[in-house]
Amino acid sequence: MTFSGWLTIVLFVVILSALAMPLGSYMAKVYGGERVFLTPIFAWPERFLYKVLRVDPKREQDWKSYAKSLIIFSLAGWLLLYVILRTQDAFFVPHAANPLAYHSAPWNVTFNTVSSFVTNTNWQYYSGDTTMSYLSQMLGLTVQNFLSAGVGIVVAVALIRGIVGRSGKSLGNFWQDLVRTVLYVLGPISVLGALLLVSQGAIQNFSTYLTAHTLTGVTQSIAMGPVASQEVIKLLGTNGGGFFNVNSAHPFENPTAFTNLVEMMLVLIIPAALVFTYGRMTGNRRQGYAIYATMMVMFLGAVVVAYIAEAHGSPAQHAAGLHTHVISGSGGGNMEGKEQRFGVAGSALFDVVTTVTSCGAVNSALESFTGIGGAVPFANLSASETIFGGVGTGLYSILLYVLLAVFIGGLMVGRTPEWLGKKLEAKEIKLAGLGILITPLAALFATALATASHAGRASISELGKGPQGFSETLYAYLSQSNNNGSAFAGYTGFIQPNAGNVGSHGVTFADVLGGLVMLFARFGPMLFALAVAGALVGKRVTPAGLGTMRTDNTTFVVLLIGVVILVGALTFFPALLLGPVVQGLTGHLY
Amino acid sequence: MRRDIVTSVIGIVVLTVLLGLVYPLVITGVSQVAFPGNANGQKVYVNGKLVGSKIIGQSFKTVVLEKNGKPKEEEKEVVTEADPKYFQSRPSATEGGAYNAAASTFSNRGPNDKATEEADAENIKEYLELNKPYDPGLATAKIPVDAVSTSGSNLDPEISPANARIQAHRIAAKRQLSVSVVDGLVSKYTDARGLGFSGEPGVNVLELNLALDRLTGGTA
């Protein structure tokens, strides 16, 4: 560990908080229909889009109508993406769009990929550099990076409206919320972010791959492409699917330690800001601060453990005789699978940032993290997106937990639980409980199926012996059910002997199971969150009395952390013991 | 229902054009005008010949030839050996030979795998054989971790300053320079931490080797 490593972590948190607060207020204004500084620029395009889309933004939708629009729109996106990916080498696609003449991936891998991008997961069995045409990356994947992020955000906004709604049924208008998200939030930040990344060395072109002749007379082929425009929304929308196979470890995606900071900031900025949006929209900013504190405590805990574990080095390195401590001119630590420019701190922090959110981008090989360092992403995923979480998904996930915590707190003091003046009754608690349970259920069920069957074990990598093989499997389904997308990348669902998909085939079991898990664990909790919003929106508000349990003080923060950890730990601890914990504690080589 | 379907179909098409064509093309256009070097991958030319990208690592090994002049192969892979007069990059395990920047990949070596220990041990052996004759004090325990472990992208353009300073002894001997001259070059091509505090300092291997060639002439 180094001083600069700790300083990076501290400054990152400070800058993040300083940026998230104003963005949160800004987003509250956008969704509240207030005037913001971008209104003069986007008011006209906004009206134009409503006209083209035949949307009446004034039409108010109840939760069922809102959910219906959301599901149908997602389905339309799914179908279009499937067609785009399966026809990337068709006769009508111009050469410039696919300069390397890559064929399409087979149906099973495409099913997985499409489900993955529409659900904001960006789990990737394919490798971008050897599978996707430039057009597929832009027209297909980039678009869903925007739209799946938008869909997540609007659900959170609808839930807030349900919580603060004074009467009636309306949760707002899905189309209006989606259009505003794209125009006022995701669009402008993406344009600025993409240009910032290019100014630091990320690439953005349509050249064919380069052929270089190195100093020692060897030829080197170098992948190219429109990277920066996709990179920025991959992070900002907590999508995580890299242009290249090695994601943000690739120098063309993440060229310097400075861009590494920028990229981590892009990942966390919207999930963090939405917490403040919530505080502002409820009319009590302390509600937002309490949730922010809850998330930040768990986040920092994860970062500290990951950094210490990775700085220690791995059992395999020690067995080989390496000393992994800091020496002059080297930060030491477990540098296997990590880039020199990021070092151990920049890698551990990135890892936590992208696994607490549903981003799943990686700037280092998670599979090569030490047992305990690798247990951190597991623990983060076990928290089911409550530690910041994906854009929108994080906020509605933690709000479901808040509901649960208020209920448990109410039981403990023996009073009818109340939340922001609204009485919580059996219906809301049932809906929230089911919404919370879907993700872990999908993860554990799929893992059990995959470890117990030959078809499932076929995906485990050659090197994944003993607990590592189990870790790979568990991580794969945990990541897909949380719509995260990061991977212990040895786990495979796609066999590709040659670049460009000639002779390639998918592993149907892993592809289809994973695809279904992603869809189920994305839209299931979403519908329950909207149903909770629908149940809350019409409730009468009673003023808080002396005996009302507050949800904006330290006691509640502690209670909420307790509930999140308890649910996560009780659900996943037995499974975690079999994989990463065994490796971390024994130091045994397999 | 029908209304939702109509809006969804129009919506997905319109937004696909806006976000999937207009947005990336605008970014490409602006980038190509404002930052053409970066946007095209910071290509490095020597005498008009493309030798690589400044920020993509490359191998400084040469192909071992059989007596008949053909490349030597073992287990279907071309055998290479380090060119001792160049600084060596970190080990790379991309498919189709090290530093294949058309197919980036993680090595996925687990922390508790025997295979990882074996790979590390082999890299250590190679590193010692290459450098110990010129730096007699070198021992396994003194090798910086980055020098013998693969990077995340397997395309890392940098090595740690400690790694470079060990190799500087060999470079100085091979190029008949004083160690202090080589160390000076190493310092010159060491990138500072991001914003002064973030990440680790790293030495850009390609730039350093090009500077050496300029100093002592050619790649002969």
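1. The radius of gyration used here is taken over C-alpha atoms, and the rule for a globule is 2.2 Å times the number of residues to the power 0.38. Please keep in mind that this is a predicted model. For 220 residues a compact globule would have a radius of gyration near 17 Å, whereas chain B has 22 Å. The C-alpha trace of chain B spans about 80 × 45 × 40 Å along its principal axes.

2. Chain B contains six helices and nine strands, and 47% of its 220 residues count as buried. Among the contacts in chain B with a separation of 6 or more, 52% are accounted for by residues 24 or more positions apart.

3. An open sheet in chain B is formed by three strands in the order E7-E9-E8, with antiparallel pairing. Strands E7 (158-159) and E8 (190-191) of chain B stand at the edges with a single partner strand each, so one side of each is left without a neighbour in the sheet. E7(B) is joined to strand E9 (residues 202-204) of chain B by two bridges, and B:Glu158 has B:Asn204 in E9(B) as its bridge partner.

4. Across E7 and E9 of chain B lies helix H6 (residues 205-216) of chain B, which runs at about 50° to E9(B).

5. As for the contact between the chains, 114 residues of chain A are in contact with 97 residues of chain B. On the side of chain A that touches chain B, the residues divide into 56 nonpolar, 49 polar and nine charged.

Conventions
Residues are numbered from 1 along each chain as its sequence is written. Chains are lettered from A and ligands numbered from 1 in the order in which they are written. This is a predicted model: local features need pLDDT of at least 70, side-chain atom pairs count only at pLDDT 80 or more; totals for chains, interfaces and linings use all residues. Two residues are in contact if their C-beta atoms, placed from the backbone, lie within 7 Å. Ala, Val, Leu, Ile, Met, Phe, Trp, Tyr, Cys and Pro count as nonpolar, Asp, Glu, Lys and Arg as charged, and the others, Gly among them, as polar. Two strands pair if DSSP finds at least two bridges between them. Helices (H or I, at least four residues) and strands (E, at least two) are DSSP runs, numbered from the N terminus. Axes are lines fitted to C-alpha atoms, for helices over the stretch in contact, and angles run from 0 to 180 degrees between N-to-C directions. A residue is buried if 20 or more other C-beta atoms lie within 10 Å of its own, exposed if 12 or fewer, and partly exposed in between; C-beta atoms are placed from the backbone.
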